[in-house]
Amino acid sequence: MRIIKSICIATIMAMAFPSCSGGDAATVTEGVSKELADLRSSTLSDIRYDLSFDIPAERDSLVSGCVTVSFESTSKTLPQLDFKAPDASFVSEVSLDGTKAAFEYSHEHIILSQAGSPGAGHHDVTVRFTVPDQSLNRRDDMLYSLLVPDRARTLFPCFDQPDLKARYTLSLRVPEGWTAVSNSPLTECSDTLRFAPTEPLSTYLFSFTAGRYSKETRTRGDREISMYHRETDPFKLAQTDVIFDEVFGAMEWMEDYTGIPYPFGKYDFVVIPGFQFGGMEHTGNTFYADTRMFLDKGDGLVREQGRYNLIAHEVSHMWFGDLVTMKWFDDVWTKEVFANWFAARMQKERFPESDLSMALADYAVGAYAVDRTPGANPVKQKLGNLKDAGLMYGNIIYDKSPIVMEMIAQIMSPEQLQASLREYLHTFAFGNSDWNDLVAILDAHTSFDMRAFSKAWIEEPGMPEISVSEEGVMSQTDPLGRGLVWSQDLTCALVRPDGSRDTVELFLNEPSLAVPEYSDSTLVLPNIDARGYGFFRLGEREIDWCLEHLSSAVGCAALSAVEKSAILLNLFENALRGGLDKARFGAFLLDYLNVETDQNLVGQASSCLSRMQFECSLSGGSGLDGFDGKLMDLVQGNAPEPVRRRAFALRVRSTRSDCPDILDAFLSPESFKAFSLTESELTTMALELAVRNPERADEIISVQKGRITNKDRQDRFSFISRSVSSSEQVLDSTFNSLLDARNRRIEPWASTALSYLGHPLRSERSLKYILPGLEVLEEVQRTGDIFFPTAWLSALLGGHGDGESGPVVDSFLADHPDYPPLLRAKILQQRD
């Protein structure tokens, strides 16, 4: 409905909008269309926002706001302001250059009257408004804004597109006892908190948080950094110095590599309970999830590496993403590729036992999970409107793109690549670029044809299928029938009949190529360094060799960690595609875990084993033979404690039994002798045991509620525990509550609750949830943050085999032939 508000009477109002379909001559549509964005970026400059918000103490009271948007315009017409609100009543008043102005609120835009338009030049538009709650993430004693990718317009009227960078000045009124943090330093602390103007930022990077936080500050040299948090556990708070050291170290690494000092006024960070991402790279106010920053007892090396990788990722964004930002969100991957690529390199330097190839293998796991499905998407996707920008995000831009970036790094010398990236940053500092801008710079530093390379790897979905014939010819095919040829360096291990091994390298840039130094009866293990990308189909002899050597202590010790990771990755993909019996692979993994001590490899193998246990439990199956016994042998053995904890967690989550021994350990943790159980482990045990022991569910949940002392964690457990109730009525009520966006505000809690409602042991009764869960997906996308549609689908479908959920999904898609393509792709990815 188009609603007009003005100080003029209705008859004058009708005359005030001679071209209200235009405003700035772009079609008025919901969201931010590419047409509107291009028009504004060609006419607007020197944008500034002076923002103020009044935050009441009561959670249910609305926040009020005021913004003055200043800009220079070369257009004779006034631009549309983006503001997504429930209705026009959220806009109280609009002024133009100090005088109240007539306006129309239509299709999520504020359109100023063009009658008597002041024309080109400098203008100030002031809007008083009520803030919709969507992007404020409000709780009783805290809130935080999260505006990526197009949510700034849900917080305040603005030009919400990444290539219109602006400076922001913020004022906040907050309840007594609350602390506030924003992108820039606090300059005035009275009844109103005032923050200094920022450097030029895209709208999605503006942020603030306010609430009851504790503060820690550390200094290194001339740099001071503060951390804001709500943690109360002494063990976790003791990690503070390590966390600061990792943040300082990542910043110093990036400054050294780029040759550019940290380009923003300050770097503070906030650790948020229940944060829906791992982290978010707001300049001066980076957000991190508490579960990723504060580790539990016994978490071990993998979790330590994961924390540093996350910190390095977000710090890298200060240069790649914040200093230089993509012009349009179809190139969002150009910031994520560097964040993950640099993070892998920094992790290698901080943890010498880590390996870049291991990180690439870890990325491949996530990328293959999408690229093998009918919903596979290219790295660079098409985007017509920013309202769909959240659907750009996923495993391909986070996991496939850094693998491709490493291919580019191998093509160029380290010096060429570093010079290219420094030129890129200096050229576009505090501005915007696209992939073609970067390709042009890379091309200027190497003779390799980057544009041709980009065609297959960046612009097309899917991956090659690669196999080696008995004659030693390596072939690649395009499973989608497009005739694509992917160029990449590959390293293969050649296993001779006498057991000796050689390594050969080849550049696969055509449909087939002879493997160097191949001879009869030689086994070829492709991609043995885990730096290639594709589905590597193994022959029976190669599979037999891999299973035999990895499951014995002697054979396992003879292979490097990278080689074992590459082999596990290939075996897993072959099992999923029918080249290796799943029960056989699962039995191998149970043996392998009892001879492997590398924590990264144990984590990789555990993930594979969890999937094989699930696959072997479908259609009434009982799971893998010996699953419980062999895992408990490992838990009670002499392996490093993090390995034993990982095995225990795997059994707790994946066993098909009612777990009387685990129930005893839960009720009497002091009787469990393998290691001291943490609060996090006991919480997971409570949820899993309640599913398996419905007659004691209430008792189990009550016991764990009494153990949790931190309020944020108490709230989380109370929210999720309803999804493991023994009452059919409570379960259905819980599911129905999740169909209401107000009950999905804390997205990690909502998706976890949904996953327990559809737990594999409840798959038959939870089939009824799939269709309504799909029917609400478009609303989930509109109201949720960027990763939530995928998390929702994973939780909705993840506990079901394809034979159960597949017909429901297929019927839904058949009934909705015009379903949004990007969202359809997400369904197909999770259906796999």
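Colleague: Are α25 and α28 roughly parallel or roughly antiparallel to each other?

Modeller: This is a predicted model, with residues numbered from 1 along each chain; local features need pLDDT of at least 70, side-chain atom pairs pLDDT 80 or more, while totals for chains, interfaces and linings use all residues. Side-chain values use heavy atoms, without hydrogens and water. The axes (lines fitted to C-alpha atoms over the stretch in contact, angles from 0 to 180 degrees between N-to-C directions) of α25 (residues 747-757) and α28 (residues 788-797) come within 7 Å and cross at roughly 20°. Angles under 35 degrees count as roughly parallel, so α25 and α28 are roughly parallel.

Colleague: Which residues of α28 does α25 meet?

Modeller: Contact means heavy atoms within 4.5 Å. From α25 come E747, A750, S751, L754 and S755. In α28 they meet F788, A791, W792, A795 and L796.

Colleague: Which strands stand at the edges of the five-stranded open sheet?

Modeller: Strands are DSSP runs (E, at least two residues), helices likewise (H or I, at least four), numbered from the N terminus; two strands pair if DSSP finds at least two bridges between them. The order is β16-β17-β18-β20-β19, with mixed pairing. One side of each edge strand is left without a neighbour in the sheet, because each has a single partner strand: β16 (214-220) and β19 (279-280).

Colleague: In β20, what is the bridge partner of V270?

Modeller: Strands β18 (residues 269-272) and β20 (residues 286-289) run parallel, joined by four bridges. In β20, V270 has as its bridge partner F287.

Note on methods. Parallel < 35°, antiparallel > 145°, perpendicular 65-115°, else oblique.
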